[in-house]
Amino acid sequence: MPYNSRRPFSPVSFLPRCLHSPLFFSSQWVYVLELEACHLDQNLDTTTDYIDECKTDGLKLLRKAVGSRYIKIIPSTHRIQISDPNQIMAETPPSADNPTLFSPFKMGKFNLSHRVVLAPMTRCRALNSIPNQALVEYYRQRATAGGFLITEGTMISPTSAGFPHVPGIFNQEQVEAWKKVVDAVHEKGAVIFCQLWHVGRASHQVYQPNGVAPISSTSKPISKKWRILMPDGTHAQYPNPRPLATHEIPEVVEDYRLAAVNAIEAGFDGIEIHGAHGYLLDQFMKDGINNRTDEYGGSLANRCKFLLKVVKSIATAIGADKVGVRISPAIDHLDAMDSDPRSLGLEVIEGLNKLQVELGSKLTYIHVTQPRYTAYGQTEAGSHGSEEEVAELMKIWRRAFMGTFVCSGGYNRELGIEAVAKGDADLVAYGRLFISNPDLVLRLKVNAPLNRYVRASFYTHDPVVGYTDYPSLEKGNGNLERLSRM
């Protein structure tokens, strides 16, 4: 119903339909209010009077539903100020006893101001594998003071690609190009890790030097239900891989180590080892893929040996406190199935715990993707077993790891808040929601609507469209839509 200025106003009836969530602001309680569209045409001074009638103490914060401007209203003077969204993010005080998704956290030596993490996501914008200005802008947009970002999967060697135009970190030209990205993120006061990636058999001869077969733990190809994106935008079947010879594995370990050293030279605060989602290291860990008979096959300990050698080599080279590890024991992406994901996860975690003791220093974190995630993106959510079984797996792994626990996979605002509040995770990584919402941290904090992401532009090469052109709140957007899942 259109607003009628002569209709009596009741703060009691107004608040329930507008109140979203309490926030700390200038050391006093305030409220985030979303005005309904019917109130937007009225005089702003009149609106100020109405909110003043609510009799709350201290400053108030209004969010206009259209234009998404943030306004401070001071009741004593009715003075109106447009406020900086970054200031809103910065003015949440610590809450050690009752942590929230938006409270500070000390991740090893890094002091984070909130617990929302940019998850690594392939975007195919690094033409010829060189980070460019588009990547600088993309990561800059998503950086916040005290925030934590993890880059897209970054090639450790010329043999490690499985998508077109993904960045590398194995030569000096790439190192120099990454410096610009890192500098832009550091200027915003954020922490950034480089995810080190080798896709293994999830590749194609077109991506391999001299057109050779991709490497793996096995000669078994990925099944025909999965398709690989080719450089011309078409899709093809995955080819038969070549199993690594035992004596070749230390050479790949060295590729990981050199890539980590390069990342530190580029200015990254640390690196994340991608041991998940059916890529090379996961191909060794999962018994549905690994059919080896050497020291890297058979038992759980043998299948996890490759990953642990990589972690130790990198931690020794750059310091354990700059190393994160990502695993996905229960994910069957790219046919990466295991008969006992619970035990697999615990074996990896036990190995990492022992390594931390051996090195005398903790790793930065472990990052676990839970089964709600599907990387291929054919569905928005797919899980093995019930929600209760999924939650219990994550809790078991969380309790077992001696260090910071990062979770990802299908989290929305409510699930992220719940994960931190219940102690199921220290940090929550968001993927697709971050693609279309460069200011996702702020939107989650004030419970603002979210931009809809466009799946068709996930893996295109346009440096702007579907990459850096999603609007932030201060720019305004009339087509915001709330999403319930990543």
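The chain exposes about 19,400 Å², an accessible area from the Shrake-Rupley method with a 1.4 Å probe, in which only the protein chains shown count as cover for residues. Carbon and sulfur atoms supply 53% of that area. Of the 486 residues, 55% are buried. Buried means under 20% relative accessible area; exposed means over 50%, and partly exposed lies in between (1.4 Å probe, protein chains only).

This is a predicted model, in which local features need pLDDT of at least 70 and side-chain atom pairs count only at pLDDT 80 or more, while totals for chains, interfaces and linings use all residues. Residues are numbered from 1 along each chain as its sequence is written, and side-chain values use heavy atoms, with hydrogens and water left out.

Confidence comes next. pLDDT, the predictor's confidence in each residue on a scale from 0 to 100, averages 82 over the chain. A score of at least 70 is reached by 74% of the residues. Strand E10 (residues 191-197) has the highest mean among the elements, 99. Strand E2 (residues 28-34) has the lowest, 30. Residues 90-94 stay under 50, with eight contacts beyond four places in sequence. Contact means heavy atoms within 4.5 Å. Residues 374-384 are also below 50, and this stretch has 29 contacts beyond near neighbours in sequence. Where pLDDT is low, the predicted coordinates should not be read in detail.

Now the fold. The chain has 13 helices and 19 strands. These are DSSP runs numbered from the N terminus: helices are H or I with at least four residues, strands are E with at least two.

Eight strands form a closed barrel with parallel pairing, in the order E8-E9-E10-E15-E16-E17-E18-E19. Neighbouring strands of this sheet are turned by 25 degrees against each other on average, direction ignored. Two strands pair if DSSP finds at least two bridges between them.

Strand E8 (residues 116-118) pairs with E9 in the parallel sense over two bridges. Val117 has Phe148 as its bridge partner in E9. Phe148 in turn is partnered by Val191 in E10. Six bridges join E9 to E10, again parallel. Strand E9 (residues 148-155) is mostly covered, with eight of its eight residues buried.

Helix H6 (residues 249-265) packs on the sheet. H6 touches E10 and strand E15 (270-275), and its direction makes about 155 degrees with that of E10. Axes are lines fitted to C-alpha atoms, for helices over the stretch in contact, and angles run from 0 to 180 degrees between N-to-C directions.

Further along, strand E17 (residues 365-369) runs parallel to strand E18 (residues 405-408), joined by four bridges. Helix H10 (residues 387-400) lies across E17 and E18, at about 160 degrees to E18.

Finish at Asp426, in the loop between helix H11 (413-421) and strand E19 (427-430). Is Asp426 buried or exposed? Asp426 counts as buried because its relative accessibility is 11%. Its side chain makes a polar contact with the side chain of Arg398 at 2.8 Å. A polar contact is a pair of N or O atoms within 3.5 Å; within protein, one must be able to donate a hydrogen and the other to accept it, and residues adjacent in sequence count only if both atoms are side-chain atoms. A polar atom of the Asp426 side chain also lies 2.9 Å from the backbone nitrogen of Phe405. Leaving aside neighbours within four places in sequence, the contacts of Asp426 include Phe105, Arg115, Gly403, Thr404 and Val420.
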